[in-house]
Amino acid sequence: MILVSCFSNERNAMCDMYKNIINAMPNKKDIVVIIPSAYEKDEFSSEFAYKIKENITSIKRKNKRLIYMARYMYLLKKKLKSYDIKHVYFQNDVFLYNIIIFFLYGKKVSYTLWLHDPILHDGVCKRERIYRNLSIKTYFKTMKKFIISYHAAFNLIDEKNPLNAYKSDMCVLQLPQMPELEFPEIKNTKDTYLYDFIFFGRIEIYKGLELFLDAFKNIFSKKLLIVGTGNDEAKITEMISGDERITFINQYVTNQELARFIKSAKCVVLPYKSATGSQTVSIANYYNRMVLATKVGCFPEYIEEGKNGFFIEDYTVDAMKSALEKVDYYINICTPDRIKSVYDKFDINRIAAQLYHEIIS
């Protein structure tokens with residue numbers, strides 16, 4: 001029996017991936033699922049052996065964290081005692097909650113963790129870095145296997161990084177497609193371009209929007225759409241003030257709205273200055289949109305140049321400006337058939353089956 005877990009009190013891309021990839025798993029009757037607080041039981045298949053949902057948001061975490069952890073440990077111990085758990089899969093490395101499961105099972109089971117950020121990206125707060133160090137010093141030591149999202153991550157984990165001790169236990173699975181952002185009725189509508197470029201996602205320092213905007217200001221007759229919220233939004237709002245070519249939708253949008261926005265642009269731009277894994281490439285490709293991306297994180301492995309996108313050669317204003325100016329030339333090369341030939345490698349059923357095999361092997 002496998003216990004799978006993902007702890008979060010908000011809906012986000014990480015938890016959506018968890019929901020999707022777990023629902024696509026084979027042999028569901030052998031899986032017990034811990035459901036993130038922000039999700040409902042009926043979002044997870046009825047075929048699973050058992051589903052547990054605990055409302056993290058019911059307790060004010062700042063002053064009642066220890067009480068919550070004790071209560072949650074009791075809940076898991078009580079609910080799971082009738083299941084012969086042999087394997088545990090962690091979707092994210094949330095220290096305080098994953099350590100509960102570690103204390104429940106100790107070394108009696110095998111552990112697998114999908115380590116989404118082998119190297120923490122720019123802008124991660126000090127608390128998260130402390131928790132990562134605590135994880136490495138505690139339950140990481142008992143891991144049988146770590147899943148990472150791209151091969152180049154091995155090169156980033158140098159001898160000074162404490163994760164270097166676990167490199168031999170790491171294997172690579174690409175991040176799968178995101179079904180909740182795939183709407184055939186939107187994909188199959190006629191192309192009507194309202195924008196030349198779109199950036200969507202969290203507005204954070206590591207996404208490289210500042211350099212992108214510096215480059216965009218030096219080209220003419222192009223339009224840009226930015227969709228998202230995040231810690232760096234105030235600076236971005238200030239940078240684009242007065243530029244009528246740029247539209248900034250700085251609020252929550254539904255999945256359908258985001259799909260229509262992607263469809264309304266010629267290409268998706270990913271100007272990240274640092275990155276790990278990202279499902280943005282597969283989302284863009286689903287709507288037959290090529291991507292322009294920097295050569296960081298998973299992008300060199302997820303993008304096949306001349307098929308589903310092109311690279312911004314250097315992280316400079318000049319290199320970014322040069323790539324942006326070639327967009328009309330690029331989209332004639334990255335035809336829908338070429339994009340689809342790459343998109344197929346993000347198939348969620350195949351990747352979920354691979355993950356299941358890694359957990360039990």
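I take a salt bridge to be a side-chain nitrogen of Lys or Arg within 4 Å of a carboxyl oxygen of Asp or Glu, and I note at the outset that this is a predicted model.

**Salt bridges**

With that rule in hand I looked up the charged pairs, and the count comes to 20 salt bridges. I found Arg11, Lys19, Glu43 and Glu180 linked in a network of such bridges. Glutamate 43 sits in the loop between S2 and strand S3 (50–53) while lysine 19 belongs to helix H1, so the pair ties together parts that are 24 residues apart in sequence. I noted glutamate 43 as partly exposed, at 22% relative accessibility, whereas lysine 19 is buried at 11%.

Next I turned to lysine 266 and aspartate 196, whose side chains form a salt bridge at 3.3 Å, N to O. This pair links distant parts of the chain, with lysine 266 in strand S11 (residues 265–270) and aspartate 196 in strand S8 (residues 195–200), 70 residues apart. Both lysine 266 and aspartate 196 are buried.

I also looked at lysine 307, which meets glutamate 304 in a salt bridge of 3.4 Å, N to O. Here I recorded lysine 307 as partly exposed at 36% relative accessibility, and glutamate 304 as partly exposed at 30%.

**A positive patch**

I placed lysine 78 in helix H2 (residues 61–80), and its relative accessibility of 48% makes it partly exposed.

**Cysteines**

Cysteine 6 is buried at 1% relative accessibility, and cysteine 171 is buried at 16%.

**Positive phi angles**

Most residues other than glycine have a negative phi, and I therefore looked for exceptions to this. Asparagine 27 has a phi near 55°; I located this residue in the loop between helix H1 (13–23) and strand S2 (31–35), partly exposed with a relative accessible area of 37%. Serine 221 has a positive phi of about 60° and is found in the loop between helix H7 (209–216) and strand S9 (224–227), where I noted serine 221 as exposed at 73% relative accessibility.

Notes
Residues are numbered from 1 along each chain as its sequence is written. This is a predicted model: local features need pLDDT of at least 70, side-chain atom pairs count only at pLDDT 80 or more; totals for chains, interfaces and linings use all residues. Side-chain values use heavy atoms; hydrogens and water are left out. Helices (H or I, at least four residues) and strands (E, at least two) are DSSP runs, numbered from the N terminus. Buried means under 20% relative accessible area, exposed over 50%, partly exposed in between (1.4 Å probe, protein chains only).
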